Amino acid sequence: MRITNSQTYQEKRDAISHDWLKFLKELNYLPIFIPNLLENVDDFLTELNLDGIIISGGDNLGDDPIRDQTENQVISYSVKNKIPMLGVCRGMQALNIFFGGKVNLNQAKNHVGKRHNVRFVTNRILDLGDVLEVNSFHNNMIVKHDIPDDFKILALCDEDETVEGIIHSKLPIIGVMWHPEREEFHLQLKLMDFFKKNEN
């Protein structure tokens, strides 16, 4: 979850968009939220016996070191236990950096609040066709040569060839820069089927 500041009290709070709750409810998934400041992330996740993990979006990497640390621990646990993982927007950026890639600031700001098409390059798990129109709310970009060695490019932006989706070559890990939870439900079913296909 992202970390926010209360408007009425001097305190930080964990928060997540209601869009995720509605979206996961439609898919008949039971969402369990992972708080920041856990004493032992591994023990917490082990007790939950999760089918999949979503690293959600919102805010930039580096805005709050506590969230960054929690996400890194969650990603590490998922990798170690081969739990299917989806990174969304910031979540994809976190995955890219965790595995040794880079993220760049987009000076043009042409991806903030603007829809555009993505072209699928690798489609061995998803069946979304060749091109999909997606939302876009990010101002951080990933270019082709900044993808880690263990990942393949899943999708590219039609307008500027920046990377909009990545998929791990061996582990059940996928990342997208758009927000499936903010889209029309039927357009994103195949993306979320990723979890069902990779459950143990």
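This is a predicted model: local features need pLDDT of at least 70, side-chain atom pairs count only at pLDDT 80 or more; totals for chains, interfaces and linings use all residues.

Colleague: What is the phi of Asn28?

Modeller: Positive, about 65 degrees, although Asn28 is not a glycine. Most residues other than glycine have a negative phi.

Colleague: Is Asn28 buried or exposed?

Modeller: Exposed. Its relative accessible area is 72%.

Colleague: Which loop holds Cys89?

Modeller: The one between β4 (85–88) and α4. Cys89 is not a glycine either, and its phi is positive, about 55 degrees. Cys89 is buried, at 7% relative accessible area.

Colleague: Now the helices. At what angle do α3 and α4 pack?

Modeller: About 70 degrees, and their axes are 11 Å apart. Angles of 65 to 115 degrees count as roughly perpendicular, so α3 and α4 are roughly perpendicular to each other. Their crossing is right-handed.

Colleague: Which residues make the contact?

Modeller: From α3, Arg67, Asp68, Glu71, Asn72, Ile75 and Ser76. From α4, Arg90, Ala94, Leu95 and Phe98.

Colleague: And the core? Which residues touch the most other members of the largest nonpolar core?

Modeller: Leu45, Ile53, Val74, Met85, Ile147 and Val163, out of 24 residues. At least two core residues come from each of α2, β3 (53–55), α3 (65–81), α4 (90–98), β9 (151–157) and β10 (163–168). Another core, of 17 residues, lies apart from it; Val118, Val176, Trp178 and Phe194 are among them.

Colleague: Last one. What does Asn40 do at the start of α2?

Modeller: A side-chain oxygen of Asn40 comes within 3.2 Å of the backbone nitrogen of Asp42.

Definitions and conventions: Residues are numbered from 1 along each chain as its sequence is written. Side-chain values use heavy atoms; hydrogens and water are left out. A polar contact is a pair of N or O atoms within 3.5 Å; within protein, one must be able to donate a hydrogen and the other to accept it, and residues adjacent in sequence count only if both atoms are side-chain atoms. Helices (H or I, at least four residues) and strands (E, at least two) are DSSP runs, numbered from the N terminus. A nonpolar core is a set of buried Ala, Val, Leu, Ile, Met, Phe, Trp, Tyr and Cys residues joined through side-chain atoms within 4.5 Å. Buried means under 20% relative accessible area, exposed over 50%, partly exposed in between (1.4 Å probe, protein chains only). Axes are lines fitted to C-alpha atoms, for helices over the stretch in contact, and angles run from 0 to 180 degrees between N-to-C directions. Angles under 35 degrees count as roughly parallel, over 145 as roughly antiparallel, 65 to 115 as roughly perpendicular and the rest as oblique. A crossing is left-handed if the near helix is turned anticlockwise from the far one by less than a right angle, and right-handed if clockwise. Contact means heavy atoms within 4.5 Å.
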